[in-house]
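Please find below a short note on the structure under review.

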Amino acid sequence: MSLILTYAPRDNESGMGYYRRLSADNALFSWRNLTNTAGVERSRRALLTRTDDVARNLGLELAWAESAREKEDLCRNWERLHRAQSDAVCPACLAESAYLRHQWEHTYVTACPQHRIQLVDQCDACGKHLSPERLYIGLCPCGHDLRSLPQVSATPAQQWLSMLLASNDRQSGGVEPLLHNVDSNILVKVIRTLCLYADPKQPGAPRRVALPKSVAEAVEFLAPLEALLADWPMGFRAHVEQRIAAGRKDARTLNTSCDRYRSKINLSSCFP
């Protein structure tokens, strides 16, 4: 049975967010009910990958279903950095149009580069995290309008990383360092290493902190970027000098002096 109301996904819309929006607009109460109409298994994977069946049974154009699948493929490439515990949203974006932007699903995306504010994943009325199972994108289950969530200014470092990830690593939004066409997997590894080993005099932080479960945890983990990117490249140079000073005193080469850090990732692969 075809849906009564159909439309194409937005260019930057989350694949799962698209089907959630369709479910709400067709009074199906849940994307899981949408799978019944689509004639596929009651799973996210089936809904997003069985594009022929979904398009035919829901009355969608195949290109729309394929677009949603492509967004899901990108999410799967993020592996454990795919934000799945709760939704994170930009209240200013929701005020313009209530749909989930694809880039909000990346754990290290903590800001909206367009509005330069932090993403929010917790309702300020009931205090609960924004469930990915809620019916309406723009409303908390408690009834609170998410367009009125507090707007907190994002830092330059938060904007820089969020812009890179939101643009699939094509641009950094004019914030230094100016990077273009960086491999996203390498970028994430560099950022993770910089933040895990931010203090040259201390052992690295537990690796589990590199997989934050909330926006607040992500902001805390990525906080070392603020000093590293400040007054670029001076902040980064100061960090390198501190690391050399804290390295092995008997080292004959720079690589040996910083071997604990060097072994994690080649920083020159991202930063010129």
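1. Does H102 count as buried or exposed? H102 counts as buried because its relative accessibility is 7%, where buried means under 20% relative accessible area, exposed over 50% and partly exposed in between (1.4 Å probe, protein chains only).

2. This is a predicted model, in which local features need pLDDT of at least 70, side-chain atom pairs count only at pLDDT 80 or more, and totals for chains, interfaces and linings use all residues. Residues are numbered from 1 along each chain as its sequence is written, and side-chain values use heavy atoms, with hydrogens and water left out.

3. H102 lies in the loop between α6 (91–96) and β1 (111–112); helices (H or I, at least four residues) and strands (E, at least two) are DSSP runs, numbered from the N terminus. Neighbours within four places in sequence aside, H102 is in contact (heavy atoms within 4.5 Å) with N12, E13, S14, K71, L74, C75 and W78.

4. R50 occupies the loop between α3 (44–49) and α4 (51–58). With 29% relative accessibility, R50 counts as partly exposed. Apart from neighbours within four places in sequence, R50 is in contact with G39, V40, E41 and R45. The C-alpha atoms of R50 and V40 are separated by 7.6 Å, the two residues being 10 residues apart along the chain.

5. For the chain as a whole, the secondary structure comes to 13 helices and 2 strands. Of its 272 residues, 48% count as buried. Among contacts between residues at least 6 apart in sequence, 59% join residues at least 24 apart.
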